[in-house]
Structure formats: structure tokens, C-alpha cells
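Biologist: Could you take me slowly through one part of this structure, the way its helices pack against one another, and then say something about a pocket? I would like a connected account that I can follow with the model open beside me.

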Amino acid sequence: MKSLIRLFVLSFLAVSLASCSGDKKGRGIDFSELKKELKLDATKEKQFDEITAKYKKLQEQNFEAAKAQGGKMDRVALGIKGEELREKQAVEMAKVLSAEELEKFNKFVDENSRKRPRYDNKLLEKIKSEAQLSNEEFAVVNAANDAFEKAFNDAHDIYHGNNDVAKEYWNKYDAQRKAAIKNALAPEHFTKFEEIVKGEQFKARK
């Protein structure tokens, strides 16, 4: 069943694009502005710097490993690993910062991190619950969402560094994602789905 759903969705989103072998390694998040706001004491600042340096290095290692695989970089897998690192970093930082400081830290990381271009798990659960989707309908939403993410990432070589072009590709694949979902959902379910995701738009990278 799932394989048939994926084939159905990928028929909307399939693309074949060249690899981006010249992509530059990201510099990671600059925490200097946040540190000024938090006004950490010397001990906390030292622990803060050690944790952020550790996860920046792990992020860079993941990036280099992805480049070293040969062929096309799997940006979806890289994005998943990035999310996992941010979660682990937050756990370690919770042992150093107060609840208020941690809230500011997590908000700063969320606002400055490179997000996966997809409906996140929290939104997917909201879609399933509030649109009252069947398991089969939700499987199509998931497959369309996965295919959207892959297609947008595969187009990276074309839009890299150009937010206007990236937005064009995002909108193109988003329309295909919604078309695939519309074909699988009951009309009343799709109406609710559209209401839930209406705020999901392309977010330009700084």
C-alpha cells in the first residue's frame, strides 16, 4: 500500500537535477548576540561555549560526511541529523541554563537554524487530528510531504543563494504536494487540511 502511495505522489514531484559538489560548509549559529542577552556568569559561559562548540563540530562532521558519500548529497538525511543534534544540544544545555534562559536559548536556535522544508511532526499530528483523516489519507499526506521535501532539496543546486528562485521552486512543489493530497482526501477533509496549512509559506534564508 505504502509503495503504491509513494509512486502516486512521486508522479507529481519527480525531478532529476545535477549534484551541487561546490556547496560551502555552513558557519553555524552565531551565539554572541544571545550571550549578551543572557548575561551568563563565567562558569555558565564556559559550559555554554563548550556545548555549542561541540555541536557545531558534530554538525560540520555530518556535512563533510554527506559530501564524501559521492554522487548527490542526501539533504533530507542531513536535515534529520541536524534536528537530532539540536535536540541533544537542548538536553545538555538544560543542565546548564535556568528554565528562563533555556527558553530563550531554544527560541534563538529555532529562529536561526536551517529548517527542513516540510510540514513538521507537530503540524502533521494537527492535520491528522483536526481534519479527521483516515490512516490511508494520512499516509498520502505523509508521502506527499516527504516527496515535497525531497524535490525541493534536489532543486538546491538551482536556487542556492537566490531566495527569489527558491521561493518559485517552493511554491511549485507545494502546489504539487497539495494536488496529490487533494486527490486522496475526502472533500471536507481537504477543506480542513487547507485551513490548517494556510500559514505555511516559503521562509527566506538570511
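Modeller: An axis here is a line fitted to the C-alpha atoms of a helix over the stretch in contact, and the angle between two axes runs from 0 to 180 degrees between their N-to-C directions. Please keep in mind that this is a predicted model. Two packed helices are described by the angle between their axes and the distance between the axes.

Let us begin with helix H7, residues 135-154, and helix H9, residues 163-184, whose axes come within 9 Å and cross at roughly 160°. Angles over 145 degrees count as roughly antiparallel, and H7 and H9 are therefore roughly antiparallel to each other. The crossing in which H7 passes H9 is right-handed. On the H7 side the contact is made by Glu-137, Val-140, Val-141, Ala-144, Asn-145, Phe-148, Ala-151 and Phe-152, while H9 brings Ala-166, Tyr-169, Trp-170, Tyr-173, Asp-174, Arg-177, Ala-180, Ile-181 and Ala-184. Sorted by class, the residues in this contact of H7 with H9 are 13 nonpolar, 1 polar and 3 charged.

H7 also has helix H6, residues 121-130, as a partner, and here the axes come within 10 Å and cross at roughly 150°. That angle makes H6 roughly antiparallel to H7, and H6 passes H7 in a right-handed crossing. Leu-124, Glu-125 and Lys-128 of H6 make this contact with Asn-135, Phe-138, Val-141, Asn-142 and Asn-145 of H7. By class, the contact of H6 with H7 divides into 3 nonpolar, 3 polar and 2 charged residues.

Moving to another pair, helix H4, residues 75-93, packs with H5 at an angle of about 160°, and their axes are 10 Å apart. The classes in the contact of H4 with H5 are 5 nonpolar, 2 polar and 1 charged.

By class, the lining of the second largest pocket has 2 nonpolar, 1 polar and 5 charged residues.

Key
Residues numbered from 1 in each chain as written. Predicted model: local features only at pLDDT ≥ 70, side-chain atom pairs only at ≥ 80, totals over all residues. Heavy atoms only, no water. Helix = DSSP H or I, 4+ residues; strand = E, 2+ residues; numbered from the N terminus. Parallel < 35°, antiparallel > 145°, perpendicular 65-115°, else oblique. Left-handed = near helix turned anticlockwise from the far one by under 90°. Contact = heavy atoms within 4.5 Å. Nonpolar A, V, L, I, M, F, W, Y, C, P; charged D, E, K, R; others polar.
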